[in-house]
Amino acid sequence: MLTCKDVAKLVTESYDRPLPWWVRLRIAFHLIVCRLCASFQRDVGRLRAGVREHVASETAGDSNKEIKLSAEARLRIKQAVESHLP
Amino acid sequence: MPNPDQASQPHMWVDEYGDFLFRYAVSRLRDVNSAEDVVQQTFLAGLKHFDQYSGKGSMRGWLLGILKRKIIDFVRERRRTSQQASDEAGNPFDQVFDRNGRWTKESASTIRQPMDSLEREEFWPIFRQCLEGLPPRQADVFALREMDDLSTEVICKELSISPSNLWTQLHRARLRLAICIKTRWNQDHS
């Protein structure tokens, strides 16, 4: 019998490695009867989707625009770059 | 706004790409000083290897590629110099599951609550706080895996850890994050 603790581990591990079919089957049976684990599985899916969505918009350059280099850091980095210019 | 050719010249880099690269680095490293360091290293490495920039992709994309590399190097170094004990402190299972491997009353009541309409604008600030609350090593592997989408093979190789160690750390990170996000979201909406 898989416990909820086992199932929670396998649910998140399924994102990192392929699980054998018989393990997937046992998880599926557990999720049918255990609403808590099913809910946890949805939460992990949301976490992943939320991170991906944010990263995509961050990489496109259109989120968290208020986060900037401080004036001091900008100056320091500029000076470092200038001192290395050919 | 300078034209693209001008923006790709190194003396313009900090003004053009500094904030973008800093934003990217700070959300992964969760520390302003560290993020400033890797951004500076990125520009200097970019200068050194400027002749390798083919001009095909965008300058920003090229610099971002260097930054990603610098972030991995930084994480490896931080891991090497930090205390091993932080991993043990990061074992959340005592509070989440009981001795028989069932959800505890407390974790069950968190998990049971609905979380249907989590918008992106709401999600990110909550997520960031929860990520900062994780043991640093767990947060680092989570960032490499889920934010930079590196394969488990690459992370294991870069950080010299075994696959099962990585799976365990990722699992702990996700378990903690899922519960933390749900807890905070429900606090905000009750």
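**A glycine, an interface and a helix pair**

A:Gly50 is found in helix α3 of chain A, residues 35-59 (helices are DSSP runs of H or I, at least four residues, numbered from the N terminus). This is a predicted model, in which local features need pLDDT of at least 70, side-chain atom pairs count only at pLDDT 80 or more, and totals for chains, interfaces and linings use all residues. Residues are numbered from 1 along each chain as its sequence is written, and chains are lettered from A in the order in which they are written.

A:Gly50 is buried, because 21 other C-beta atoms lie within 10 Å (buried means 20 or more such atoms, with C-beta atoms placed from the backbone). Leaving aside neighbours within four places in sequence, A:Gly50 is in contact with B:Leu118, B:Arg120, B:Phe123 and B:Phe127 (contact means C-beta atoms, placed from the backbone, within 7 Å).

Between the two chains, 45 residues of chain B are in contact with 38 residues of chain A. On the side of chain B that touches chain A, at least two residues each come from α2 (13-29), α3 (32-48), α7 (105-112), α8 (120-133), α9 (136-147) and α11 (163-189) of chain B. The largest share, ten residues, is supplied by α2(B).

Within chain B, the axes of α9(B) and α11(B) come within 9 Å and cross at roughly 95° (axes are lines fitted to C-alpha atoms over the stretch in contact, and angles run from 0 to 180 degrees between N-to-C directions). The two helices are therefore roughly perpendicular, a term for angles of 65 to 115 degrees. Residues making this contact include B:Phe142 of α9(B) and B:Leu170 of α11(B).

Notes
Parallel < 35°, antiparallel > 145°, perpendicular 65-115°, else oblique. Buried ≥ 20, exposed ≤ 12 C-beta atoms within 10 Å, placed from the backbone.
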